[in-house]
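Hi there,

Here is the structure I promised to pass on to you.

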Amino acid sequence: MSPIDTETTAKDVLAYIDASPTPYHAVRETARRLSQQGYRALDEREPWSLQPGDRVYITRGDTSIAAFHLGTAPVDRAGFRLVGSHTDSPNLRLKPNPTISKNGYHQLGVEIYGGVLLSTWLDRDLSLAGRVLVHAGGRPAAHLVDFRRPLLRVPNLAIHLNRGVNTEGLKLNAQEHMVPVLGLESAGPADLRTLLVRELTSAGVRAEPGDILGYDLCLYDTQPSARSGANGEFLHAPRLDNLASCHSALSALLAMGRACEATCGVVLYDHEEVGSRSAQGAAGTFLRDCLQRLVLGHSDGRPDAYHRAIRNSFLVSADMAHAVHPNYASLHEPKHQPLMGGGPVIKSNVNQSYATDGESWAYFAGLCREAGVTPQHFVTRTDLGCGSTIGPITAAELGIRTVDVGSPMLSMHSIRELASAADVAAMIAVLQRFFS
Ligand code: ZN
């Protein structure tokens with residue numbers, strides 16, 4: 001375990017987020033950090049050979065990743081200690097036939113991914129990043145692209161044409177009003193495939209427009225993350241939900257020195273924002289498949305080894321939490337108002353929107369105590385609905401004891417969110433206790 005420095009941590013989490021404009025890039029950046037520290041990639045299509053103390057990672061669908069530091073004791077006896085988070089954030093994504101020419105403009109048609117706070121995407125310097133599948137003989141080859149420069153914009157309507165906007169609210173129709181402009185017809189053509197080929201070529205990939213067989217492309221804000229606040233206490237960044245938690249989980253795992261008895265791991269899933277039902281989402285088989293194969297390679301080999309391993313295991317579901325908003329404090333439960341900078345939040349909901357119960361809360365509170373951190377509590381107002389996480393889904397899929405926690409933040413699902421540097425450092429400190 002290494003001590004946590006808030007300054008270094010703040011810089012590092014923002015670098016991680018800026019390197020990860022899409023889930024594809026988040027997985028690539030996570031894998032890069034793991035490889036740099038000696039983790040070895042395992043391929044789900046190959047047999048695995050495992051030794052106690054091994055450090056390995058597995059990716060699925062290019063958007064979910066799991067990493068494990070195998071314990072010194074067989075996993076059926078010592079169990080798994082897992083932290084789960086998600087790599088996806090609400091955003092705009094290109095449709096398969098995106099090209100639109102209208103009123104002299106080139107535009108690109110987009111779908112809305114997850115619960116986007118749509119108004120925050122207006123008047124931003126948007127770029128495009130994701131995965132392009134290129135013809136390569138047999139299987140199409142996947143390449144990540146990132147245009148990096150401002151390329152697109154969803155222009156706001158002038159107030160003169162929308163006089164009631166400040167008092168009646170901005171009403172946005174996702175099909176009609178969220179279509180970004182890509183250029184002017186008078187300035188020349190704007191063919192997406194030609195633009196993609198240019199990006200691929202500059203990345204050293206040879207391709208013709210006709211070679212592009214498919215893609216998964218997301219829009220994102222090009223404004224880099226920043227520190228703010230009178231004392232540098234704030235983090236202004238996109239995708240804090242939930243890349244900040246992915247970063248906390250990963251940083252705690254990478255800070256482990258030698259293996260402990262239990263097998264420690266992180267799983268960063270895609271598709272949380274749209275319900276987790278996918279091959280690599282929390283409701284899919286990804287984690288169970290990984291755990292079953294780890295048990296096969298690292299247990300007494302009896303038929304019930306997996307079941308014993310799961311009953312000896314614990315999952316921390318790490319996802320960002322709502323800090324109290326000073327301008328809307330009445331929307332928060334009066335006795336449960338997490339403060340920014342106040343430390344990790346334990347999230348509870350008796351209707352199982354969160355997986356926390358008294359036992360898992362106590363377990364996490366114990367870790368906080370050992371780390372010298374005081375946890376905060378969140379429940380939603382009794383007359384309001386509640387968000388959810390991968391916590392209850394993974395708990396139900398695996399039958400694993402689970403606690404839902406997160407760092408407090410504001411502006412959740414905005415294109416630019418707000419969290420505190422101290423909370424990120426505190427969360428890493430607690431997760432380091434979990435992995436010790
Ligand atoms: Zn989230």
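This is a predicted model: local features need pLDDT of at least 70, side-chain atom pairs count only at pLDDT 80 or more; totals for chains, interfaces and linings use all residues.

The protein chain is divided into two parts: domain 1 covers 6-89 + 238-435, and domain 2 covers 116-220. Taken over C-alpha atoms, the domain centres are separated by 31 Å. The contact between them draws on 14 residues from domain 1 and 17 residues from domain 2.

Strand 1 runs parallel to strand 2 (residues 55-60), and two bridges pair them. In that pairing, arginine 40 has valine 56 of strand 2 as its bridge partner.

Aspartate 62 has a positive phi of about 65 degrees, although it is not a glycine.

Next comes an open sheet of five strands, ordered 11-12-20-19-15, again with mixed pairing. Strand 11 and strand 15 are at its edges with a single partner strand each, so one side of each has no neighbour in the sheet. Strand 19 (residues 408-410) and strand 20 (residues 417-420) run antiparallel and are joined by two bridges. Leucine 410 has leucine 418 in strand 20 as its bridge partner.

This sheet has helices on it too. Helix 7 (residues 240-254) packs against strand 12 (234-237), strand 19 and strand 20, and its direction makes about 35 degrees with that of strand 20. Helix 12 (residues 421-434) lies across strand 11, strand 12, strand 19 and strand 20, at about 60 degrees to strand 20. Helix 7 also contains asparagine 242, which is joined to aspartate 241 by a cis peptide bond with an omega of about 10 degrees.

How many salt bridges does a search of the whole structure find? The search gives 19. One that I would show you is between arginine 227 and glutamate 7, whose closest N and O atoms are 3.2 Å apart. Arginine 227 belongs to strand 11 (residues 226-228) and glutamate 7 to helix 1 (residues 6-18), so this pair ties together parts that are 220 residues apart in sequence.

There is also a hairpin to look at, made by strand 7 and strand 8 with six residues between them. Strand 7 (residues 126-134) and strand 8 (residues 141-146) pair in the antiparallel sense over six bridges, and glycine 130 has valine 145 as its partner in strand 8. In the turn, glycine 137 has a positive phi of about 90 degrees.

Finally, a surface feature: Tyr328, Leu331 and Leu384 form a nonpolar patch with about 310 Å² of accessible area together. Leucine 331 is in the loop between strand 15 (321-322) and strand 16 (345-347).

Best wishes, and happy browsing!

Technical notes. Residues are numbered from 1 along each chain as its sequence is written. Side-chain values use heavy atoms; hydrogens and water are left out. Two strands pair if DSSP finds at least two bridges between them. Helices (H or I, at least four residues) and strands (E, at least two) are DSSP runs, numbered from the N terminus. Patches are made of residues with over 30% relative accessible area and no salt bridge: like charges are joined within 9 Å, nonpolar side chains (Val, Leu, Ile, Met, Phe, Trp, Tyr) within 5 Å. Accessible areas come from the Shrake-Rupley method with a 1.4 Å probe; for residues, only the protein chains shown count as cover. A salt bridge is a side-chain nitrogen of Lys or Arg within 4 Å of a carboxyl oxygen of Asp or Glu. Domain bounds come from an automatic or database domain assignment. Contact means heavy atoms within 4.5 Å. Axes are lines fitted to C-alpha atoms, for helices over the stretch in contact, and angles run from 0 to 180 degrees between N-to-C directions.
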